[in-house]
Amino acid sequence: MTTSNGQQVNCRIWHDGELITETVHRSEIIEALHEPDRLVWIDFVDAHPADLAELIDALRLPPTEIEDAFAPNERPKVTRHGDHLFFTANTAKLTGPLGDSTEDRLQIKRISGFVLPTALVTFRRSEFDMAPVLHAWDQNPDLLKFGPRALVHGLMDTIVDGHFATIQQLDDDIESLEDVLFDQDRTGHTFQRQVYSLRKELVALRRVVLPMREVVNGLLRHGGRTNTELDGWYDDLYDHILRAGEWTESLRDMVISLFETNLSLQDARLNTTMRKLSAWAAIIAVPTAITGWFGQNVPYPGFSQPVGVWGSTIAIAVGSALMWWSFRRRGWL
């Protein structure tokens, strides 16, 4: 179904967990909302509040929450107003492998919604993929008999599963960087750029994952005494969110450790290089000193004679060899 301005509105109606129809006229939506044995899902895609005034008035949605639903930077949250709940949640997905691209590969999409006594109303952009959510609802029709909280559970469970997939990919990326951490030839500018990119992605992901604790906790807290059969499902979902949050924090610590270890290795390599340069400078100082000494314009043993040349040459070779052996023995070379 579409609005008068061409905006897409998806709708499904269930009865006792069984899907009745997916093609619904606007008047049928309003009628179904007043039937207690019906479960309705209304989905506004790429819509604008002005285009939905009629349906919004029919659903009795407050203007302040409608503004939050369309706000571009609203944080994930759950609030209760009267007989309904308002929620906002974000998905997170990586669009490609770890590389040195300047484009952000972590894509965050938002969905907002209202949990009414017999309906779930969602607002999203077309970039938000609803297909996995619909699949989750179709896979658990027995849960849908418990009302809109079951729909919200399927939505949140799909979002959290997406978080886990993203965290797993970031974990694999960190492990791939750890494998080359001690390889001096592979920890140059590209490596540093990848580590910095991972840090940015984990910071952004942390802002998505951690607030989900309060979202699900709010859905549990405001669930009241109805649909207690779903409490166990929500408890399991909350456990998954805690695991995702802890996993994200551990990855953040690993990236920080990876960054600091790389800096420490660079300092150690620089110290080794400086030590080698200092050792070679000391070795070169031996012939410099001898040639400088014999280059003075005064008589010395072998002065102006071939034996003097051979004597200075032998002194340079022996002195340099002794210096090299001494530095080699200490591990400087």
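Helices (DSSP runs of H or I, at least four residues) and strands (DSSP runs of E, at least two residues) are numbered from the N terminus. Keep those labels in mind as you follow this tour. The model is predicted, so local features need pLDDT of at least 70 and side-chain atom pairs count only at pLDDT 80 or more, while totals for chains, interfaces and linings use all residues. Residues are numbered from 1 along each chain as its sequence is written, and side-chain values use heavy atoms, with hydrogens and water left out.

**Stop 1**

Select D16, in the loop between β1 (8-15) and β2 (18-21). D16 is not a glycine, yet its phi is positive, at about 55°. Why is that worth a look? Most residues other than glycine have a negative phi. D16 counts as exposed because its relative accessibility is 58%. Here, buried means under 20% relative accessible area, exposed means over 50%, and partly exposed is in between (1.4 Å probe, protein chains only).

Now select D46, in the loop between β3 (38-45) and α2 (53-59). D46 is another residue other than glycine with a positive phi, near 50°. At 28% relative accessibility, D46 counts as partly exposed.

**Stop 2: from D46 to its partner**

A salt bridge is a side-chain nitrogen of Lys or Arg within 4 Å of a carboxyl oxygen of Asp or Glu. Side chains of opposite charge can pair when their charged atoms come close. R125 sits in the loop between β7 (119-124) and α4 (131-139), and the pair links distant parts of the chain, 79 residues apart. With a relative accessible area of 47%, R125 is partly exposed.

**Stop 3**

How many salt bridges does a search of the whole structure find? There are 13. Are K77 and E74 buried or exposed? Both are buried.

Then move to E249 and R206, whose side chains meet in a salt bridge at 2.5 Å, N to O. E249 lies in helix α8 and R206 in helix α6 (residues 189-209), so this pair ties together parts that are 43 residues apart in sequence. E249 is partly exposed at 21% relative accessibility, and R206 is also partly exposed, at 32%.

Finish this stop by selecting R12, E22 and D138, which are linked in a network of salt bridges.

**Stop 4: a cluster of rings**

The structure holds seven aromatic pairs. Rings of Phe, Tyr and Trp (its six-membered ring) pair if their centres lie within 6.5 Å; planes under 30 degrees apart count as stacked, over 60 as edge-to-face and the rest as tilted. Select F86 and F114: their ring centres are 5.1 Å apart and their planes are at 50°, so the pair is tilted. F86 is in strand β5 (residues 84-94) and F114 in strand β6 (residues 106-115), 28 residues apart, so to picture this pair, follow the chain between distant parts. F86 is buried, with a relative accessible area of 0%, and F114 is buried at 0% as well.

Which residues do ring pairs link into a cluster? Select F44, F70, F86, F114 and F123 together to see them.

**Stop 5: two surface patches**

Patches are made of residues with over 30% relative accessible area and no salt bridge; like charges are joined within 9 Å, and nonpolar side chains (Val, Leu, Ile, Met, Phe, Trp, Tyr) within 5 Å. Lys and Arg count as positive and Asp and Glu as negative, while His and the chain ends are not counted.

Select D172, E175, E178 and D179, which gather in a patch of negative charge on the surface. D179 is found in helix α5 (residues 148-179) and is exposed, with a relative accessible area of 68%.

Helices α8 (231-294) and α9 (306-329) each supply at least two residues of the nonpolar patch. I284 belongs to helix α8 and counts as exposed, at 52% relative accessibility.

Key
Areas by Shrake-Rupley, 256 points an atom, 1.4 Å probe, with all protein chains shown as cover. Charge placed at Lys NZ, Arg CZ, Asp CG, Glu CD.
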